[in-house]
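These are my notebook entries from an afternoon of looking things up in one structure.

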Amino acid sequence: MTLLFSSTQFYLTGEPQPGTVTLLVEGGGRSLSYLSGLTTHCIAAHQPDYQEMAEAEELLEVPVVTEEWVTASARCGHLLPVRGFSTSASQLFSEVTLVMDRDSLGQGDCEKMWTMVTWYGGRVG
């Protein structure tokens with residue numbers, strides 16, 4: 001496995017999906033026990049601590065991203081921009097979950113919709 005996350009020193013808040021921490025650590029990432037100036041990414045999992053997320057963004061200026069940033073980066077083989085996986089409520093689709101009928105949409109259309117919705121803060125269910 002490539003050391004995709006070797007430049008990543010992450011703090012995890014919430015309950016991660018199975019495999020998220022494994023992808024990070026096996027990819028060379030370093031888990032931190034607390035937020036600090038060394039933290040490069042704050043990863044927000046299921047039921048995150050919103051105070052920690054605010055501290056990371058506002059005080060430390062650390063990007064707070066969803067777990068999908070980890071899995072999508074691993075799938076693509078390189079670190080993706082954090083903007084598309086930001087937890088910021090100011091994003092256009094931050095409160096949107098899109099459900100697609102994959103039988104009536106083509107694969108290419110589904111991929112484009114996923115890209116657009118996630119880039120602007122939404123989720124695809």
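Which residues line the second largest pocket? I listed Ala72, Arg75, Cys76, Leu80, Pro81, Gly84, Phe85, Trp114, Thr115, Thr118 and Trp119.

**Entry 1: ground rules.** I first noted that this is a predicted model, in which local features need pLDDT of at least 70 and side-chain atom pairs count only at pLDDT 80 or more, while totals for chains, interfaces and linings use all residues. Residues are numbered from 1 along each chain as its sequence is written, and side-chain values use heavy atoms, with hydrogens and water left out.

**Entry 2: the pockets.** I looked up how a pocket is found: on a 1 Å grid over the protein atoms alone, it is an open set of points where a 1.4 Å probe fits, with protein on both sides within 12 Å along at least five of seven lines, and lining residues have an atom within 4 Å of a point. A volume is the space filled by probe spheres set on the points, which are joined across faces, edges and corners. For the second largest pocket I wrote down about 180 Å³. H3 and H4 are the elements that give two or more residues to its lining, and the largest share, 4 residues, comes from H4; helices here are DSSP runs of H or I with at least four residues, strands are runs of E with at least two, and both are numbered from the N terminus. I sorted this lining into 7 nonpolar, 3 polar and 1 charged, where Ala, Val, Leu, Ile, Met, Phe, Trp, Tyr, Cys and Pro count as nonpolar, Asp, Glu, Lys and Arg as charged, and the others, Gly among them, as polar.

I then turned to the largest pocket, which holds about 730 Å³ of space and is lined by 32 residues. Thr66, Glu68, Thr87, Gly121 and Arg123 lie nearest its centre. H2, H3, H4 and E6 each supply at least two residues of this lining, and H3 gives the most, with 5 residues. The lining of the largest pocket divides into 12 nonpolar, 14 polar and 6 charged.

**Entry 3: helix H3.** Which residues of H3 are buried? I found Glu67, Trp69, Val70, Ala72 and Ser73, where buried means under 20% relative accessible area, exposed over 50%, and partly exposed in between, with a 1.4 Å probe and protein chains only. These buried residues pack against helix H1 (20–26), E3, E4 and H4. Ser73 counts as buried because its relative accessibility is 0%. Ser73 touches Leu4, Phe5, Glu68, His78, Leu79 and Leu80, not counting residues up to four places away in sequence, and contact here means heavy atoms within 4.5 Å. A polar atom of the Ser73 side chain lies 3.1 Å from the backbone nitrogen of Leu80. Just after H3, I noticed that Gly77 takes a positive phi of about 85 degrees.

**Entry 4: aromatic pairs.** I counted 2 aromatic pairs in the structure. Rings of Phe, Tyr and Trp (its six-membered ring) pair if their centres lie within 6.5 Å, and planes under 30 degrees apart count as stacked, over 60 as edge-to-face and the rest as tilted. Phe5 and Trp69 form an edge-to-face pair, with 5.8 Å from centre to centre and 65 degrees between the planes. This pair links distant parts of the chain, since Phe5 is in the segment before strand E1 (9–13) and Trp69 is in helix H3 (residues 67–76), 64 residues apart. Phe5 is buried, with a relative accessible area of 1%, and Trp69 is buried at 1% relative accessibility. The rings of Phe93 and Tyr120 have centres 6.4 Å apart and planes at 90 degrees, so this pair is edge-to-face. Phe93 is partly exposed at 25%, and Tyr120 is partly exposed at 28%.

**Entry 5: two positive phi values.** Gln47 has a phi near 55 degrees, a positive value in a residue other than glycine, and sits in the loop between strand E3 (41–44) and helix H2 (50–59). Gln47 is exposed, because its relative accessible area is 55%. Glu61, which is not a glycine, has a positive phi of about 55 degrees, and its place is in the loop between H2 and strand E4 (64–66). Glu61 is exposed, with a relative accessible area of 68%.

Terms used
A polar contact is a pair of N or O atoms within 3.5 Å; within protein, one must be able to donate a hydrogen and the other to accept it, and residues adjacent in sequence count only if both atoms are side-chain atoms.
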